[in-house]
Amino acid sequence: MARFLVTGGAGYVGSHTVLALLDRGDEVVVLDDLSKGHRAAVPAGATLVQGRCDDPRAVEAAFARGPFEAVLHFAALSLVGDSMRDPMRYIGENVAGVTAVAGAAAKAGCRKFVLSSTAALFGFPDRIPIDEEQRLEPASAYGESKLLCERALAWAEKVHGMRFAALRYFNAAGADPDGRAGEDHDPETHLIPLAIGAALGLRPPLTVFGDDYDTPDGTCIRDYVHVTDLAEAHLRALPVLEERSVRYNLGNGTGYSVKQVLDTVARVGGRPVPHGYGPRRAGDPAALVASSRRLREETGWMPRFPALEDIVRTAWAWHAAHPRGYAGR
Ligand SMILES: NC(=O)c1ccc[n+]([C@@H]2O[C@H](COP(=O)([O-])OP(=O)(O)OC[C@H]3O[C@@H](n4cnc5c(N)ncnc54)[C@H](O)[C@@H]3O)[C@@H](O)[C@H]2O)c1
Ligand SMILES: O=c1ccn([C@@H]2O[C@H](COP(=O)(O)OP(=O)(O)O[C@H]3O[C@H](CO)[C@@H](O)[C@H](O)[C@H]3O)[C@@H](O)[C@H]2O)c(=O)[nH]1
């Protein structure tokens, strides 16, 4: 049993990872300012310190609950479109969060750090699937902020001997298979919850952003990876940090188009997804699919829910059971 600090543990991916840690018997302290997350998403067995990652007093209060085996850093601003309206805020806050938390970790003698990084590091990629050797050229301030976070951690390693794992998630999706947690962003911008919301009559009809891409059906292709599999990848990456720092691209390795996602939601839910077509969303690449070969080979990670249908089924179950998300829980 070990104790972990999870920043952003009241958010979507963070809360599922807290569950994975608690399920295996670990102790968890969550540092989250609840700006986007939900108190009710912090599992009962975890301790919540409410505060910002770039506030030294809040970070100190969190580390006072240590010592920690490792820090898992999920807290960040994470909307691509938003980052293009307010790029300095995204870069400033995301980098400040990492530097404050990693600096405090080094001071406290905690030398393992796992960063939520992103496929947005690759911008418009040259080749699919995207492996770790591909050019890093973010096409958004959000992607740039995460690249700078990775680079900051490389300095923490050089100077303080801090090992880090940068996990570049592709599209996180789905919900805890036991129904204990799910996806509830406000505003919600992600395809699967919007499609399910439209099918359930909880949200307006979905707009497909462009059907003139150079893909088989004209809509964008993404690699949807189950949030519980993402959580498991964090646990798998930890032992590698005994030896060295790593960067892993993290997805299923299969791409699905927006139309295929809508068909799957309709099939799983047994009702159509009301939708129409609109212009392309600025900054959307035609296709993003991960090669997670390195992660699989070096850690033994294997997704339990690689099929889109299973991913959508768990998401559907959560949204149907919690039509208002975490509100009122
Ligand atoms: N969801 C995805 O598909 C996806 C894909 C790639 C990368 N990521 C990255 O994974 C991480 C988690 O994403 P998510 O979808 O769970 O987001 P989320 O918004 O649900 O969770 C982020 C959490 O961090 C908290 N937070 C934000 N800024 C904070 C700050 N300064 N101090 C303290 N707490 C703060 C929020 O309140 C929220 O609970 C983010 O770093 C995101 O960039 C997500
Ligand atoms: O109303 C909508 C919402 C989305 N889409 C499309 O659906 C796909 C998926 O979009 P979305 O769910 O918003 O995810 P991404 O824009 O691919 O971004 C996610 O995945 C990135 C990595 O791939 C991360 O960096 C981001 O944080 C995360 O939000 C894209 O082609 C969108 O154009 C629509 O057509 N209509």
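**Figure 1. Strand S8 (206–209) gives the largest share of the shell around ligand 2, 4 residues.** The structure shown is a predicted model, in which local features need pLDDT of at least 70 and side-chain atom pairs count only at pLDDT 80 or more, whereas totals for chains, interfaces and linings use all residues. Residues are numbered from 1 along each chain as its sequence is written, and chains are lettered from A and ligands numbered from 1 in the order in which they are written. Helices (H or I, at least four residues) and strands (E, at least two) are DSSP runs, numbered from the N terminus. A residue is counted as near a molecule or strand if its C-beta atom, placed from the backbone, lies within 6 Å of it. Around ligand 2 there are 21 residues, of which Thr118, Ala119, His190, Leu191 and Cys220 come nearest. Helix H6 (191–199), like S8, supplies at least two residues of this shell. By class, 12 residues of the shell are nonpolar, 6 polar and 3 charged; Ala, Val, Leu, Ile, Met, Phe, Trp, Tyr, Cys and Pro count as nonpolar, Asp, Glu, Lys and Arg as charged, and the others, Gly among them, as polar. At least three residues of the shell come from each of domain 1 (3–170 + 225–250) and domain 2 (191–222 + 254–321).

**Figure 2. The shell around ligand 1 holds 28 residues.** Gly8, Gly11, Gly37, Ala76 and Ser78 come nearest to this ligand. Two or more residues of the shell are given by each of helix H1 (12–23), helix H4 (87–108), strand S5 (112–118) and strand S7 (171–173). H1 gives the most, with 3 residues. The shell comprises 10 nonpolar, 12 polar and 6 charged residues.

Figure 3. The domain bounds come from an automatic or database domain assignment.

**Figure 4. Helix H6 crosses helix H8 (residues 258–269) at roughly 45°.** Their axes come within 10 Å; axes are lines fitted to C-alpha atoms, for helices over the stretch in contact, and angles run from 0 to 180 degrees between N-to-C directions. H6 is therefore oblique to H8, since angles under 35 degrees count as roughly parallel, over 145 as roughly antiparallel, 65 to 115 as roughly perpendicular and the rest as oblique. The crossing is right-handed; a crossing is left-handed if the near helix is turned anticlockwise from the far one by less than a right angle, and right-handed if clockwise. Leu191, Ile192, Ala195, Ile196 and Ala199 of H6 make the contact with Val258, Val261, Leu262, Val265, Ala266 and Gly269 of H8. This contact has 10 nonpolar residues, 1 polar residue and no charged residues.

**Figure 5. Helix H8 crosses helix H10 (residues 308–321) at roughly 60°.** The axes of H8 and H10 come within 9 Å, and H8 is oblique to H10. This crossing is right-handed. Thr264, Val265, Val268 and Gly269 of H8 meet Leu308, Glu309, Val312, Arg313 and Trp316 of H10. The contact of H8 with H10 has 5 nonpolar, 2 polar and 2 charged residues.

Technical notes: Two residues are in contact if their C-beta atoms, placed from the backbone, lie within 7 Å.
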